[in-house]
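Visitor: I am new to this structure. Could you pick one spot that is held together by charged side chains, look at it closely with me, and then show me what lies around it?

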Amino acid sequence: MTSRRGLIWGLAIAGVVVYFALATYFERSYHVSRPSGKVVLSLTPPFLRESGFAYRGALLLEDRRTLANIPSDDPNNAEDTSSPIQIWEDQALLGPGHSSFEAISKSGRGHFAHWTGRGIFFSTSDNTDPNENRRRYWAVVP
């Protein structure tokens, strides 16, 4: 009985050691592939849910300064497509860009827009919550 209990404890300790060894290895070997471009900004959670499928990317102060120097879409003019920004979900390009807020909110499916003073509004490719779907989002000027 004592040897059996020792065996169980030994296996449990070995399991914990293997678990932490693997966790350390994967944490150090995990590489996030980021898209390439002149400007690449990581959009990080928390994303603010605006309405329907529309989320707003929260940006750091330095990212907001960078975006302020990039031409944006005009929400009052549906024909204006001046923003060069692309939104990436992991390694997939979202779109269509230069969308209206209504299209982003009601249709979702990757619609996005960049508006000066308001930021980047987007929807995910499958209309899931970007705070929970474990994907990375990027704002890129190619």
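Guide: Let's start at D126, which forms a salt bridge with R135. The closest N and O atoms of D126 and R135 are 2.8 Å apart. Here a salt bridge means that a side-chain nitrogen of Lys or Arg lies within 4 Å of a carboxyl oxygen of Asp or Glu. One thing to keep in mind is that this is a predicted model: local features need pLDDT of at least 70, side-chain atom pairs count only at pLDDT 80 or more, and totals for chains, interfaces and linings use all residues. Residues are numbered from 1 along each chain as its sequence is written, and side-chain values use heavy atoms, with hydrogens and water left out.

Through shared partners, salt bridges join E89, D126 and R135 into one network.

Now follow R135 to its other partner. R135 also forms a salt bridge with E89, where the closest N and O atoms are 3.4 Å apart. This pair ties together distant parts of the chain, 46 residues apart. R135 sits in the loop between β7 and β8, while E89 belongs to strand β4 (residues 86-89). (Helices, H or I with at least four residues, and strands, E with at least two, are DSSP runs numbered from the N terminus.) R135 is partly exposed, with a relative accessible area of 25%, whereas E89 is buried, at 6%.

How many salt bridges does the structure hold? There are 4 of them. Another one brings together the side chains of E102 and K106, at 3.6 Å from N to O. E102 and K106 are 4 residues apart in helix α3 (residues 101-107), so about one helical turn separates them. E102 counts as exposed at 51% relative accessibility, and K106 counts as exposed at 60%.

Back to E89 and its strand, β4. Which sheet does β4 belong to? It is part of an open sheet of 4 strands in the order β1-β8-β4-β5, with antiparallel pairing. Two strands count as paired if DSSP finds at least two bridges between them. At the edges of this sheet are β1 (39-43) and β5 (92-93), and each of these pairs on one side only. Strand β8 (residues 137-141) is joined to β1 by 5 bridges, and these two strands run antiparallel. Within that pairing, S42 stands opposite W138 in β8.

The loop that carries R135 lies between β7 and β8, so let's visit β7 too, as the loop position makes plain. Strand β7 is in another open sheet of 4 strands, ordered β2-β3-β7-β6, with antiparallel pairing. β2 and β6 (112-115) stand at its edges with a single partner strand each, so one side of each has no neighbour in the sheet. β7 (residues 119-122) pairs with β6 in the antiparallel sense over 4 bridges. There, I120 in β7 is the bridge partner of H114.

At the other end of that sheet order, strand β2 (residues 48-51) runs antiparallel to strand β3 (residues 54-56), and 3 bridges join them. R49 stands opposite Y55 in β3. β2 and β3 make a hairpin with 2 residues between them, and in the turn G52 has a positive phi of about 55 degrees.

What about the nonpolar side chains? A nonpolar core is a set of buried Ala, Val, Leu, Ile, Met, Phe, Trp, Tyr and Cys residues joined through side-chain atoms within 4.5 Å. The largest nonpolar core has 16 residues, and those with the most contacts inside it include I85, I120, F122 and A139. β1, β7 and β8 each supply at least two of its residues, with the largest share, 3 residues, coming from β8.

One last stop is H98, in the loop between β5 and α3. H98 counts as partly exposed at 28% relative accessibility. The C-alpha atoms of H98 and I85 are separated by 9.2 Å, and the two residues are 13 residues apart along the chain.

Notes. Buried means under 20% relative accessible area, exposed over 50%, partly exposed in between (1.4 Å probe, protein chains only).
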